[in-house]
Amino acid sequence: MGTPNTKNKDSAESLTKGLKSRHVTMLAVGGVIGAGFFLGAGSTINTAGPAVIFSYLFGGLITFLVMVLLTEMAVSTPVAGSFQKYAEMSLGPLPGFLTGWTYWLAFLIGPASESIAAGTFLNVWFPQVPIWVFALVVATLMTVVNLIGVKFFGELEFWLSLVKVVALALFIIAGCVVLFGVAPVKDVSFSNLVSNGGFAPAGFGGVVSAMMIVMFSFGGTEAIGTAAEESEHPDRDLPKALRSTLIRILVLFVLSIFVLVCVLPWQKAGVSSSPFVDATRILAGPAAANVMNFVVLIAALSCIDAGIYATSRMMFSMSRDGFFPKVFAKTSEKSKAPVNAILVSCVMLFIGAILYYFFEDFAYTWLASVSGFGFMFAWLMICLSQPRMREIAIKRDGVLKWKAPGGRPLQIAAVVLILGIYVGQLFSESGRDTLIAGVIWLIIATTYYFVIGKKSYEKTGNWSGTPEI
C-alpha cells in the first residue's frame with residue numbers, strides 16, 4: 001500500500017499551515033489538562049483512594065509509549081487525519097475507518113463532558129442558573145472561536161493552556177510549602193495518604209477501575225498528530241512538542257495528584273465540584289479557591305477548544321477520503337478552516353447540555369468513561385499501525401526523519417498495557433458498562449462502513465498506490 005495522495009488537491013480541500021511550535025505544544029497540553037483532570041480526578045480518587053497516584057503513573061507510562069510511536073509516524077507522514085490515515089495505510093480501510101470514527105466520537109463526547117464541567121464551575125458562582133444553561137452558552141462560544149481560523153485558535157489555545165500549567169505548578173508549590181511544615185495547615189499532612197481506610201482502600205481493583213477515567217484525562221495528547229498537516233515544520237515541531245508535553249503532563253499530573261490526596265481526605269473528593277478547588281480552599285482560603293475555580297473553568301474551555309479542533313480535522317480528513325460526504329471536506333476561502341466539519345463537531349456540545357438536563361446524576365461520569373474507551377481504541381490502533389508505517393516510510397524516503405527509541409519491544413509493551421486496561425474493566429460494574437457501550441459503537445460503525453462508507457470510499461478513488469505526500 002502507498003500513502004494517500006494529497007497532492008493536487010482542490011484548494012477547498014487544503015488546510016493552511018498556521019500552527020507554530022508553541023501552538024502545537026500547547027495544543028497537546030490543552031487537550032489533556034482539562035476538566036477530565038480537574039473534575040474527573042474526584043471520581044478517580046473516590047474509586048481508588050490515595051492509590052490513584054499509581055493509576056496516573058500507569059496512565060502516564062502508556063501515554064509516553066503511544067506518543068513516541070505516533071511522533072515517528074507523524075514526522076514521516078504529516079497528514080490531517082494522522083493516526084486514522086496510518087491505520088488505513090497499514091491495517092486496511094476498515095481499521096482506518098473504525099479508528100477515525102471512534103476517535104471522532106471520543107473527542108466529540110469529551111468536549112460534551114467538558115461543557116458540563118464548565119457549567120458546574122460557573123454554577124459555583126451563580127447557583128441560581130442551572131448547569132445545563134451554562135453548558136449551552138459555553139457550546140455557543142466555543143463554536144464561534146473555532147470558526148474564526150486556525151491561527152486565532154492556536155494563539156487562544158496557547159494562552160489558555162499556559163494559565164492551566166502555571167496554576168497547577170503554583171498548586172503543587174503551595175501544597176509542598178504546607179506539607180513540609182513551612183506554613184502548616186491543620187489536618188493537612190502526609191498521613192492523609194494512609195488514613196481513612198489505608199493507601200489503597202479498594203485494593204488493586206480500585207486502581208484498575210479508575211483507569212478509564214484516568215485515560216480520559218490523558219486523552220488529547222494525540223492531538224499533536226492531527227496538527228501535523230497544519231504545522232509549519234512538523235519534523236522539528238512534533239518531536240519538540242512530544243518531549244515538552246510529556247514532561248509537563250507527567251510532572252504536573254502525578255505531583256498535583258500526590259499533593260491533592262495529601263491535602264483533601266479521599267472520601268471528600270467527588271464531581272459536584274473540583275477537588276482542586278476544595279483543596280485550594282483548605283490551603284489558602286475562599287479567595288484562592290475562587291481563583292482556582294476560574295482556572296479550572298479556563299481548563300474546561302481550553303480542552304473543549306482543542307477537542308473541536310481535533311474532531312473537525314479528523315472529519316475533514318475522512319471526508320476527503322470519501323468516508324463522510326464531501327461537503328465536510330470543504331474549507332472556508334478566508335480562514336481555510338473546515339467550517340462544516342467544525343459545525344458538526346460542535347453539535348455534540350449542545351447534546352451534552354441536553355443530556356445533563358435529563359440525566360444530571362451520571363451524565364458527566366458516563367460521558368467521560370465512554371470517551372476514555374474511544375481514546376484507548378485510537379491509541380491501540382496507533383500502536384498496531386507503527387511497524388507497517390515504519391516500513392512504508394523507509395521504503396519511500398530511504399530513512400526515518402525521526403526514529404522512536406525502543407523499537408519493537410516498546411511497541412509490544414504499549415499494545416499489552418492497553419489491552420490490560422480493557423481486560424481490567426471487566427472486574428467492575430461501571431467498567432463493564434463502558435465496554436458494552438464501546439462494543440455497541442464499534443458494531444454500529446462497522447455496519448455503517450459496509451453499508452455506506454466502503455462504497456463511497458471506493459468511489460472516490462482517493463487511494464493512491466504511489467507513496468506521495
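Colleague: How many helices and strands does the chain have, and what share of its residues count as buried?

Modeller: The chain of this predicted model has 18 helices and zero strands, and of its 469 residues 62% count as buried. Among the contacts with a separation of 6 or more, 85% are between residues 24 or more positions apart.

Colleague: Why is phenylalanine 97 called buried?

Modeller: The cut-off for buried is under 20% relative accessible area, and phenylalanine 97 has 0%, so it counts as buried. Tyrosine 449, with a relative accessible area of 4%, is buried by the same cut-off.

Colleague: Why is the pair of phenylalanine 97 and tyrosine 449 called tilted?

Modeller: A pair of aromatic rings is described by the distance of the centres and the angle of the planes. The structure holds 15 aromatic pairs. In the pair of phenylalanine 97 and tyrosine 449 the ring centres are 5.6 Å apart, which is within the 6.5 Å limit for a pair, and the planes stand at 40 degrees, neither under 30 for stacked nor over 60 for edge-to-face, so the pair is tilted. This pair links distant parts of the chain, since phenylalanine 97 is in helix α6 (residues 93-125) and tyrosine 449 is in helix α18 (residues 429-460), 352 residues apart. Both belong to one aromatic cluster, formed by Phe97, Trp101, Trp441, Tyr448, Tyr449 and Phe450.

Colleague: How do you know that the buried residues of α15 lie on the same side of the helix?

Modeller: The buried residues of α15 are Ala341, Ile342, Ser345, Cys346, Met348, Leu349, Gly352, Ala353 and Tyr356. Because they cover an arc of only 145 degrees around the axis, they lie on the same side of α15. The helix itself, residues 339-358, has 20 residues and reaches 30 Å from its first C-alpha to its last, close to the 28 Å expected at 1.5 Å a residue.

Colleague: Which residues of α17 are buried, and what span does that helix reach?

Modeller: In α17 the buried residues are Gly407, Leu410, Gln411, Ala414, Val415, Ile418, Ile421, Tyr422 and Gly424. Helix α17 (residues 407-424) has 18 residues and reaches 26 Å from its first C-alpha to its last, close to the 26 Å expected at 1.5 Å a residue.

Colleague: Why does tryptophan 379 count as buried, and which residues does it touch?

Modeller: Tryptophan 379, which is in helix α16 (residues 363-397), has a relative accessible area of 1%, and because buried means under 20%, it counts as buried. Leaving aside residues up to four places away in sequence, tryptophan 379 touches Ile62, Thr63, Val66, Met67, Met215, Phe218, Gly219, Thr221, Glu222 and Ile418. Valine 66 is 313 residues from tryptophan 379 along the chain, while the C-alpha atoms of the two are separated by 6.4 Å.

Colleague: Why is phenylalanine 64 called partly exposed, whereas aspartate 187 counts as exposed?

Modeller: Phenylalanine 64, which has its place in helix α4 (residues 52-76), has a relative accessible area of 35%, and because this lies between the 20% and 50% cut-offs, it is partly exposed. Aspartate 187 is at 59% relative accessibility, over the 50% cut-off, so it counts as exposed. Aspartate 187 lies in the loop between α8 (150-179) and α9 (203-209), and it has a positive phi of about 70 degrees although it is not a glycine.

Colleague: Where do helix α5 and helix α14 meet, and at what angle do their axes cross?

Modeller: The axes of helix α5 (residues 83-91) and helix α14 (residues 286-320) come within 10 Å and cross at roughly 35 degrees. Phe83, Gln84 and Lys85 in α5 meet Met314, Ser317 and Met318 in α14, and by class this contact has three nonpolar, two polar and one charged residues. Helix α5 also holds methionine 89, which is buried with a relative accessible area of 0%. Methionine 89 is 300 residues from methionine 389 in sequence, and their C-alpha atoms are 7.5 Å apart in space.

Technical notes: Residues numbered from 1 in each chain as written. Predicted model: local features only at pLDDT ≥ 70, side-chain atom pairs only at ≥ 80, totals over all residues. Heavy atoms only, no water. Helix = DSSP H or I, 4+ residues; strand = E, 2+ residues; numbered from the N terminus. Expected span 1.5 Å × (residues − 1). Buried < 20%, exposed > 50% of the residue type's maximum accessible area, 1.4 Å probe, protein only. Arc of directions from axis to C-beta. Axes fitted to C-alpha atoms, helices over the stretch in contact; angles between N-to-C directions. Contact = heavy atoms within 4.5 Å. Nonpolar A, V, L, I, M, F, W, Y, C, P; charged D, E, K, R; others polar. Phe/Tyr/Trp six-rings, centres within 6.5 Å; stacked < 30°, edge-to-face > 60°.
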